[in-house]
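Please go through the structure shown here.

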Amino acid sequence: MRLRRAAVPAVVAAGVALLLGGCMKDAICGSDDYPVLQIDGSGRQCVPKGQEPPAGFTRFPEGQVPKHVDDEWDVYWRSHTVDKSGKTISA
């Protein structure tokens, strides 16, 4: 009986961890970075906050920044990019 009582909290904790782990989404970048998009290409990078994008890359248009893998904007930007003038085009 004592063993059963000790096992119950462990089983409950494992179940909660599995449930919470399944709900978490993978972030596009770490908390100290932001994503940038390759100009005229489909490449992406994460850049430290406070730094400008490297040559050949630009920030995503405001309101269209992917936050998590497979979110609306992550899926959209897989088939789109921006040209040198900042216009959105098909990739």
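The report below moves from the whole chain to single residues.

## Overall fold

This is a predicted model. The protein chain holds two helices and five strands. Along the sequence they follow the pattern α-β-β-β-α-β-β. Helix H1 spans 2-23, and helix H2 spans 72-78.

The chain has 91 residues, and 20% of them are buried. Take the contacts between residues at least 6 apart in sequence: 30% of them join residues at least 24 apart.

## The three-stranded sheet

Three strands form an open sheet in the order E2-E1-E3, with antiparallel pairing. E2 and E3 are the edge strands, and each pairs on one side only. From one strand to the next, the twist averages 45 degrees.

Strand E1 covers 33-38 and strand E2 covers 44-48. Five bridges join E1 and E2 in the antiparallel sense. Val36 has Gln45 in E2 as its bridge partner. Tyr34 has Val47 of E2 as its bridge partner. E1 also pairs with E3, again in the antiparallel sense, over three bridges. There, Leu37 finds its bridge partner in Thr58 of E3. In a regular strand the side chains alternate between the two faces of the sheet.

## The E1-E2 hairpin

E1 and E2 form a hairpin with five residues between the strands. Asp40 sits in this loop. Its phi is positive, near 60 degrees, although Asp40 is not a glycine. Most residues other than glycine have a negative phi. Asp40 counts as partly exposed because its relative accessibility is 43%, between the cut-offs of 20% and 50%.

## The disulfide

How many disulfides does the model contain? The count comes to one. Cys29 and Cys46 form it, with their sulfur atoms 2.0 Å apart. The angle about the S-S bond is -85 degrees, which makes the link left-handed. Cys29 lies in the loop between H1 and E1, and Cys46 lies in strand E2, so the pair ties together parts 17 residues apart in sequence. A disulfide is a covalent bond between the sulfur atoms of two cysteines.

The two ends have their own accessibility values. Cys29 is at 14% relative accessibility and counts as buried. Cys46 is at 36% and counts as partly exposed.

Thr81 belongs to strand E4, residues 80-82. Is Thr81 buried or exposed? Thr81 is buried, because its relative accessible area is 2%, under the 20% cut-off.

Two backbone oxygens lie by polar atoms of the Thr81 side chain. For Gln38, the backbone oxygen lies 2.9 Å from such an atom. For Gly41, the backbone oxygen lies 2.6 Å from such an atom.

Which residues does Thr81 touch, leaving out those up to four places away in sequence? They include Leu37, Gln38, Ile39, Asp40 and Gly41. Lys87, Thr88, Ile89, Ser90 and Ala91 are also among them. Leu37 is the bridge partner of Thr58, and Asp40 is the hairpin residue with the positive phi.

## Loops around the helices

Lys25 lies in the loop between helix H1 and E1. Lys25 is exposed, with a relative accessible area of 60%. Its C-alpha atom is separated from that of Asp71 by 9.1 Å. Along the chain, Lys25 and Asp71 are 46 residues apart.

Asp70 lies in the loop between strand E3 (57-59) and helix H2. Phi of Asp70 is positive, near 70 degrees, in a residue other than glycine. Is Asp70 buried or exposed? Asp70 counts as exposed because its relative accessibility is 52%, over the 50% cut-off.

Note on methods: Residues are numbered from 1 along each chain as its sequence is written. This is a predicted model: local features need pLDDT of at least 70, side-chain atom pairs count only at pLDDT 80 or more; totals for chains, interfaces and linings use all residues. Side-chain values use heavy atoms; hydrogens and water are left out. Helices (H or I, at least four residues) and strands (E, at least two) are DSSP runs, numbered from the N terminus. Buried means under 20% relative accessible area, exposed over 50%, partly exposed in between (1.4 Å probe, protein chains only). Contact means heavy atoms within 4.5 Å. A polar contact is a pair of N or O atoms within 3.5 Å; within protein, one must be able to donate a hydrogen and the other to accept it, and residues adjacent in sequence count only if both atoms are side-chain atoms. Two strands pair if DSSP finds at least two bridges between them. Axes are lines fitted to C-alpha atoms, for helices over the stretch in contact, and angles run from 0 to 180 degrees between N-to-C directions. A disulfide is a pair of cysteine sulfur atoms within 2.5 Å.
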